[in-house]
Amino acid sequence: MNDLVKGSIDLIRQLNYGLVYASLEEHTELSRTDLSRLTGLSPASITKITRELLDNELVVPCGETSVGRGRRQTLLRINERRYQFLSMRLGRGYVDMALFDLSGRSLSRHRHQFSQDEREELLASLIAAIRRFLPAKGVRLACIALCLPGQVERHTGRVRHFPYYDLRNWPLGPTLEEAFGVPVLVSADVRTWIQAEREWGAAKDCADAVLVFVHNDIGVGMVVNGQLIESENAMLGDLSHLQLEPYGQRCYCGGFGCACTLVTNQALESQYRDLRVRMGEMDLPEQVTIRELCELALEGNSLCQQILQQAASRLARVLANLICLLNPGKLLLGGELARADRLLFPMLHQSLASQLPGEYLVRLQIESTRFYEDPTKPTSIQVHKALRDGSLLLGLLRGHDEEGIIRG
């Protein structure tokens, strides 16, 4: 019982600190009286919390204001330069890295391409790439946030499965935390993407949205009534293994005709190579990336347009039941496939119309995600949320290492 009471008190403290930080983040400058009014916390609690934030330089005074005939009150704001955080996306043979301050302003960024030798020891190569990217001095690293196209155990930071590298039970989060001595937030990219779209992007004004991310697998993020649907289970939102063709190609999961064998980047690139030979289109390149395939389709190449039409039809079969269940206002498509949105989206809408009653399509808008060209920005949403719920904030207040919090 004592442990339960202590846990409840600690949680309340965490949430209260997060509430104060979130209010300052939303309103920029506030007095203690304003904070008490907005958060519902007592003036004594606000005084205690802000004193600790001021002592740790997470909050700084920024002026004064007067209310009526009372004494002038000090305005407070977040000290955005106090800490920095590293935001990354681990992709197919590369990692995008960006250093942000607490306001979300990008300070520096870099894409590192892994050589074939580096891919053999991916975790060690990633740590080395991070060390080369981070400045040697002047960085107080608050945390590392990372997303990737795979199945992630949210609270442990372990990667259940990373399809492109065929990594299973990969201790990504714990290893990075040990190497750098800071909290590490690891998430499946589709989860961070839908949160970022809801916060800053295409789904900002939409309470019900579905985001489909097509890469080497098919991930889905869902927001219903403004709330992210999430679970402790790393498999939530993975539609890669819905069976589309019972007698189709064998999948690595052991099944046949899974969606990931038909609609993902690698599958479409393989279909291009096969169709090129069967149709005798020898004037076309022998092989193309998904990006090049989309560009050829937009230029009017019939073979590539045929591949996109088939992909839209299959993707509609994957999504029809989900749309019927959730009735979203927006369907967001992410991934390189969305480069052909001008062709693909009408095809997808037409395929959905043949499978769903019309009322499900009345308010449905199909759009591209906003952040595909800047994959580190969606990842940073994890940090902002950890500050607002108080979990990361209390870690910073406990103090890591004033010399920069980076262990070599």
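Predicted model: local features only at pLDDT ≥ 70, side-chain atom pairs only at ≥ 80, totals over all residues.
Start with the overall build. The protein's secondary structure comes to 14 helices and 16 strands. For 408 residues, a compact globule would have a radius of gyration near 22 Å, and the protein comes in at 24 Å, so the two agree. Laid along its principal axes, the box filled by the C-alpha atoms is roughly 80 × 55 × 50 Å.

Buried residues account for 51% of the 408. If you take the contacts between residues at least 6 apart in sequence, 61% of them join residues at least 24 apart.

Next, zoom in on E118, which you'll find in helix α4, spanning residues 116-120. Is E118 buried or exposed? It counts as buried, because its relative accessibility is 19% and the cut-off for buried is under 20%.

So what does E118 touch? Skipping neighbours within four places in sequence, E118 is in contact with H112, Q113, S125 and R132. With H112, the link is a polar contact between the two side chains, at 3.3 Å. The E118 side chain also reaches the backbone nitrogen of S115, at 2.8 Å. Further back along the chain, G93 is 25 residues away from E118, with 9.3 Å between their C-alpha atoms.

Terms used:
Residues numbered from 1 in each chain as written. Heavy atoms only, no water. Helix = DSSP H or I, 4+ residues; strand = E, 2+ residues; numbered from the N terminus. Buried < 20%, exposed > 50% of the residue type's maximum accessible area, 1.4 Å probe, protein only. Contact = heavy atoms within 4.5 Å. Polar contact = N/O pair within 3.5 Å; in protein donor to acceptor, adjacent residues only side chain to side chain. Rg over C-alpha atoms; globule rule 2.2 N^0.38 Å.
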